[in-house]
Structure formats: structure tokens, C-alpha cells
Amino acid sequence: MNFNVNYFLNVFPQILPYLPVTLFITIVSIMFAIILGLAIALLRSNKIIIIDSIFALFISLFRGIPSVVLLFIIYYGLPQIFPVLKQMGATTAAIICFSLKYSSYLAEIFRASLESVDHGQKEAGLTVGLSKIQVYRGIILPQAMVNALPNTGNMFISLLKDSSVAFFVGVQELLAAGKMLTANLFFYFETYLAVGIVYWLTVVIYSWIQKQLEQKLTAPYHR
């Protein structure tokens, strides 16, 4: 096996400039996904059959469609139906795709987290004169978000890796950088190994940050 060590070491400075694009897509998408997913979870918590059925279909649809297929539908398909979207950039399409897809996962995570909070706390808050909004904002949501943090973090990691499919619509991210490099010198193993290591180290760093955040947020409950 011929492994070019010098090329392998030199490829890192060439792909790292593309990491911010991957992080931008991931962070923006997860933020929108959290907002949309939480909104869906809260709306479904009212137990209104019609609303619950609509969002159940939304969740089933976006969880069932592969990311690359959904991306193609949004980037290539929607502009045919809505001509105003022809000016939509590839990065925007990728963010819309991941926001919709991961909000469907997060909606279920948040719904389970909301259900995990003792219902007696809600009743107690309403009994002492708090409004429903105040009860959720001050009592239910803080606890639910702590409960949801580990799984939300897992979704962030999945989205980070899933963001590589944005390459298929021309977004210049990590995988695209690796593809361009292999097109010139054909060092496939060295290049994609380097790309994989960058993804892995990014996940390791994020996992450490998440662990510190979890410890800080759960500290009051361990006293």
C-alpha cells in the first residue's frame, strides 16, 4: 500500500478553510430546527386532534425522506413550481433542507422532554395564579430543555455529518474540498482520511463543550 504521508499532512491546510462553511450550515440549520421543533412540540402538547395530525404527518414526511432527496426537491424542484425561488442559493437550500428535516426529529425529542416534566408542577403554577405562558416559560421549559440537551446534541452531531450532502448542489464545504483535491492528484485515501479526521475532531470538540454545558445546567439538580 502506497500512503503519501507528505501529501496527507499537507492536505489539512487546504481543507480547513472550508470548515467554517460546514459549521455555518450546521449551526444556522440547528438553530432554525430547534425553534421550529419546539414550536411543533408545544402546539402538539395542546392535544388538538387536527393540529396533532397535521404535525404528525409533517414529522413522518421529513423523517422519511433522505436528506439528499429532500435537498434536490428544494433546490431543483421548488423553483419549477415557484419561479421566485430560482434565485435561491445552494447554501440557502441546504439550510432549509436541514432545518425542516431535523426539526422533525427535534419536535419528538422536545415533546418527550415536555412530557417528562411532572404535570403536578404545571398544575401548581396555575393554582398560584401564574398564566400558562408563565408556567411554561419559568417552570416547564427550563427543565424540559435540560432533559432534551443530550439528544439535541446528538442531532447537532448528526447534522454536522449530514451537511456533507450539500456538496451535491455545489456548496463548497469539507467534502467538496476533498473532491476537488482528489480530482487533481488522485490521492483518494489520504484526502478523504484527512476530511474524515477533521469531521471527527470537530465532533470531539463539540462533544466536550456539550458535556461541560450539561454539567453546568444539571448542577442545581444534584445539590
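So, Tyr-76: with 43% relative accessibility, this residue is partly exposed, meaning between the cut-offs of under 20% for buried and over 50% for exposed (1.4 Å probe, protein chains only). Tyr-75 is partly exposed too, at 23%.

Before I go on, this is a predicted model, where local features need pLDDT of at least 70, side-chain atom pairs need 80 or more, and totals for chains, interfaces and linings take in all residues. Numbering runs from 1 along each chain as its sequence is written, and side-chain values use heavy atoms, leaving out hydrogens and water.

Okay, back to those tyrosines. Rings of Phe, Tyr and Trp (its six-membered ring) pair if their centres lie within 6.5 Å; planes under 30 degrees apart are stacked, over 60 edge-to-face, the rest tilted. That gives 11 aromatic pairs. For Tyr-75 and Tyr-76, the ring centres sit 4.9 Å apart with the planes at 70°, so we call the pair edge-to-face. Elsewhere, Phe-3, Phe-8, Phe-12 and Phe-189 are joined by ring pairs into a cluster.

What about the fold? We've got 9 helices and 0 strands, taken as DSSP runs numbered from the N terminus (helices H or I, at least four residues; strands E, at least two). Of the 223 residues, 39% are buried.

How confident is the predictor? pLDDT, its confidence in each residue, goes from 0 to 100; the chain averages 89, and 97% of the residues score at least 70.

Methods:
pLDDT = per-residue confidence, 0-100.
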